[in-house]
Amino acid sequence: MEEFDLSQQMILSLVVREYVSTAAPVGSKGLTDKFSLGVSSATIRNELARLEELGYLTHPHTSAGRVPTEDGYRYFVERLMGEAQFPAKNSA
C-alpha cells in the first residue's frame, strides 16, 4: 500500500467523503469551491491525476470528476477514516 503525503491523503479523503455523500464524480473545481484547501484547482487536478495513476481513483469518462476505486476505499478505511473533517468555506 502506498504512503501518500499529507496533500494526497487530504484529497483522497475528500474525494471518498464527497462521493459517498453525493454519489456523483468529484472534480477539482468542486473541491476548491467547497473546501478551504489553500491551493488552486490546477494543483488539485494534478494530485487527482497522480492518485488515478496509482489506482486509487478513476473517472467514468474523460470530462467527469473522479470516483474512488476499491483500493481508494481500502486506503481510506485503513488509514484516513479517523481523520478530522475538513473545514467548509464560509458562505458570505
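Which side-chain oxygen reaches to within 3.1 Å of the backbone nitrogen of S7 at the start of α1? The oxygen belongs to D5.

## Basis of the model

The model is predicted, and local features need pLDDT of at least 70, side-chain atom pairs count only at pLDDT 80 or more, and totals for chains, interfaces and linings use all residues. Residues are numbered from 1 along each chain as its sequence is written, and side-chain values use heavy atoms, with hydrogens and water left out.

## Overall architecture

The protein has four helices and two strands, in the order α-α-α-β-β-α from the N terminus. Helices (H or I, at least four residues) and strands (E, at least two) are DSSP runs, numbered from the N terminus. Of the 92 residues, 36% are buried; buried denotes under 20% relative accessible area, exposed over 50%, and partly exposed in between (1.4 Å probe, protein chains only).

## Helix α1

Helix α1 comprises residues 6-22. Its 17 residues should span 24 Å at 1.5 Å a residue, and its end C-alpha atoms are 24 Å apart, which agrees; the expected span is 1.5 Å times one less than the number of residues. After α1 comes A23, with a positive phi near 60°.

The buried residues of α1 include M10, L14 and E18. Their cover includes α2 (28-34), α3 (41-53), β1 (57-58), β2 (67-68) and α4 (70-80).

## E18 and its partner K34

E18 counts as buried because its relative accessibility is 14%. Not counting residues up to four places away in sequence, E18 touches A23, V26, L31, K34 and F35, where a contact means heavy atoms within 4.5 Å.

The side chains of K34 and E18 form a salt bridge (3.1 Å, N to O). This pair links distant parts of the chain, with K34 in helix α2 and E18 in helix α1, 16 residues apart. K34 is partly exposed, since its relative accessible area is 38%. A salt bridge is a side-chain nitrogen of Lys or Arg within 4 Å of a carboxyl oxygen of Asp or Glu, and by this rule the count comes to six. Side chains of opposite charge can pair when their charged atoms come close.

Salt bridges link E70, D71 and R74 in a network. R74 meets E70 at 3.0 Å (N to O) and D71 at 3.3 Å (N to O). E70 and R74 lie four residues apart in helix α4, about one turn, whereas R74 and D71 are three residues apart.

E70 is exposed, with a relative accessible area of 57%. R74 and D71 are partly exposed, R74 at 36% and D71 at 37%.

Terms used: A polar contact is a pair of N or O atoms within 3.5 Å; within protein, one must be able to donate a hydrogen and the other to accept it, and residues adjacent in sequence count only if both atoms are side-chain atoms.
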